[in-house]
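Here's a quick briefing to read with the model open beside you. Take it one topic at a time and look up each residue as you go.

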Amino acid sequence: MTETSIPSAEQSVDEVNEPTAATGEGDAAETGAGTSKKAASESELFAQSEIAADYIEGLLDILDYDGDIDELVSGGRPVVEVVGGRLQNLVGQRGATLEALQELARLAVFRQTGTPSRLLLDVGGYRATRRKELAAVAKNAVEKVKEHGEPVRLEPMSAFERKCVHDVVNAMSGVESESEGVEPNRRIIVRPAD
């Protein structure tokens, strides 16, 4: 699938760009070929975050929720952060509502730009907290693999969660990770490196 193609209904944009094992798939597309191209893409990414922020602001108004919205570009992708009290309902159980809102915001960006977006939405710092929890899960799995020499299958996770685990595992020597299965039961297997 190319960068400009639209993922199927069963596949999120994160999955399309999710690296598998230690291949680093997708890195070349994010680094940019030159400085002028990177500057143009930075402005395009920021424009995507502004479109998504406007969409999320409209939703907050409809729901009568108060929150400060920040638009930025981080790690080569547009990011919208919503901060404020009484926002837990926007995160939902294990981030399910947050994932749905992120997909709606991505659709709003696609509708205006005609380009699929890798927008990342965070509400109340949920993703930063979850990233730390997942790092601990990944390190625990790596320890088990190194101790017993057997693969460890983790619980099903969202594309965001899997990427967090892949990043931690791929930074460690002697182990590798791979995603298997189909949404919503897609999971990671951590195994000894060959």
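The charged end of Arg127 sits over the ring of Phe160, at 4.5 Å from the ring's centre. To count as sitting over a ring, NZ of Lys or CZ of Arg has to be within 6 Å of the ring centre and within 35 degrees of the ring normal. Bear in mind that this is a predicted model, where local features need pLDDT of at least 70, side-chain atom pairs count only at pLDDT 80 or more, and totals for chains, interfaces and linings use all residues. Residues are numbered from 1 along each chain as its sequence is written, and side-chain values use heavy atoms, with hydrogens and water left out.

**How confident is the prediction?**
- The protein chain has a mean pLDDT of 82, and 79% of its residues reach 70 or more; pLDDT is the predictor's confidence in each residue, from 0 to 100.
- Over residues 1-40, pLDDT stays under 50, and the model has 52 contacts beyond four places in sequence for them (a contact means heavy atoms within 4.5 Å).

- Strands E5 (175-180) and E6 (187-192) have a loop between them, and that's where you'll find Pro184; strands are DSSP runs of E with at least two residues, helices are runs of H or I with at least four, and both are numbered from the N terminus.
- E5 and E6 pair in the antiparallel sense over six bridges, where pairing takes at least two DSSP bridges between two strands.
- Ser179 stands opposite Ile188 in E6.
- Buried means under 20% relative accessible area, exposed means over 50%, and partly exposed is in between (1.4 Å probe, protein chains only).
- The hairpin leaves six residues between its strands, and Gly181 in the turn has a positive phi of about 95°.

- Most residues other than glycine have a negative phi, and most peptide bonds are trans.
- From Glu183 to Pro184, though, the peptide bond is cis, with omega near 0°.
- Arg86 has a positive phi, near 60°, and lies in the loop between strand E2 (77-83) and helix H4 (88-91).
- Arg86 counts as exposed because its relative accessibility is 58%.
- Arg94 also has a positive phi, near 50°, in the loop between H4 and helix H5 (96-113).
- With a relative accessible area of 45%, Arg94 is partly exposed.
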